Amino acid sequence: MNSTPTLLNRILVAALGLLLLGVGCLLMLLAAVPAVASWWRAWSADAWSGINAAFNATRFPGRPESWLWILVALALLVLIGLMVAWVAQQGKGRADVLAVEYDPGEVPGDVRIGGGVAEQALKHALAHRPDLAGATVTTYDVKGMPALKVRLLPRQGVAPHLLADEVSVLVSALEQAVGKNIPVLIHIGAGARTRFRRAERVR
């Protein structure tokens with residue numbers, strides 16, 4: 001329900017995993033295969049010589065510094081900017097307000113009901129149920145409209161459809177209290193404590 005770039009995250013994780021795997025394999029080969037170690041020493045010496053030659057050839061006139069350091073600094077700044085932008089995209093879509101209504105009474109103004117009200121109410125109603133191993137409630141902004149995601153971890157042997165019906169009753173009572181219909185995603189998950197297939201219901 002949020003706008004976290006899941007596909008991009010998976011691509012980055014896969015690329016990082018492949019990079020670490022390649023580095024690990026190279027280190028193992030360097031330690032176990034003499035021919036690879038000899039090749040690495042020759043290659044690294046040639047690469048280092050090439051880098052030194054590039055920096056020596058790009059010095060400022062009359063100065064020992066190379067302008068390639070400016071390019072390196074710019075590249076690092078771009079990389080930092082991309083990392084900050086990527087971190088800022090994580091977890092987007094959360095909402096703090098569940099309902100907003102204009103009140104034209106003696107003191108006109110907006111009446112706002114925070115998402116924490118619904119979250120705490122549903123969590124309290126689900127907290128002491130013996131058929132649940134865990135429950136979380138989160139408010140999201142979906143296309144400009146507030147919505148709730150109720151994630152349940154039922155214990156083994158609990159019927160998911162019956163649990164979803166009971167949670168729907170709680171949500172209906174919450175809607176009557178708030179005075180507004182609230183889109184809700186009921187996510188019934190499976191884990192080490194539940195051991196059955198995940199189910200979802202949108203109401």
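This report walks through the fold, the helix packing and the salt bridges of the structure above.

The model is predicted, so to speak of local features a pLDDT of at least 70 is needed, side-chain atom pairs count only at pLDDT 80 or more, and totals for chains, interfaces and linings use all residues. Residues are numbered from 1 along each chain as its sequence is written, and side-chain values use heavy atoms, with hydrogens and water left out.

**Overall layout**

Let's begin with the fold. The protein has five helices and six strands, where helices (H or I, at least four residues) and strands (E, at least two) are DSSP runs numbered from the N terminus. Read from that end, the order of elements is α-α-α-β-β-α-β-β-α-β-β. Of its 203 residues, 23% count as buried, meaning under 20% relative accessible area; exposed means over 50% and partly exposed lies in between (1.4 Å probe, protein chains only). Among contacts (heavy atoms within 4.5 Å) with a separation of 6 or more, 50% come from residues 24 or more positions apart.

UniProt, in an unreviewed entry, places a "transmembrane region" at residues 68-88. Its positions are given in the numbering used here, feature names are shortened, and annotations may be inferred rather than shown by experiment. In the model, residues 68-88 are 100% helix and 0% strand, with the end C-alpha atoms 30 Å apart.

**How the helices pack**

Helix 1 (residues 6-32) and helix 2 (residues 34-57) pack at about 110°, and their axes are 5 Å apart. Axes here are lines fitted to C-alpha atoms, for helices over the stretch in contact, and angles run from 0 to 180 degrees between N-to-C directions. The two helices are therefore roughly perpendicular; the classes are under 35 degrees for roughly parallel, over 145 for roughly antiparallel, 65 to 115 for roughly perpendicular, and oblique for the rest. On the helix 1 side, L26, L29, L30 and A32 meet P34, V36, A37 and W40 of helix 2.

Further along, the axes of helix 4 and helix 5 come within 11 Å and cross at roughly 140°, which makes helix 4 oblique to helix 5. Helix 4 contributes A118, L122, A125 and L126 to the contact, and helix 5 contributes V167, L170, V171 and L174.

**Salt bridges**

Side chains of opposite charge can pair when their charged atoms come close. A salt bridge here is a side-chain nitrogen of Lys or Arg within 4 Å of a carboxyl oxygen of Asp or Glu. A search of the whole structure finds three of them.

| Salt bridge | Closest N and O atoms |
|---|---|
| E65 with R63 | 3.3 Å |
| R129 with D131 | 2.8 Å |
| E166 with R129 | 2.3 Å |

E166 lies in helix 5 (residues 160-178) and R129 in the loop between helix 4 (115-126) and strand 3 (132-142), so the pair ties together parts that are 37 residues apart in sequence. Through shared partners, R129, D131 and E166 join into one network. E65, in its bridge with R63, is partly exposed at 35%.

**A buried strand residue**

Finally, look at V184 in strand 5 (residues 184-188). V184 counts as buried, with 1% relative accessibility. V184 and T139 are 45 residues apart in sequence and 9.3 Å apart in space, C-alpha to C-alpha.
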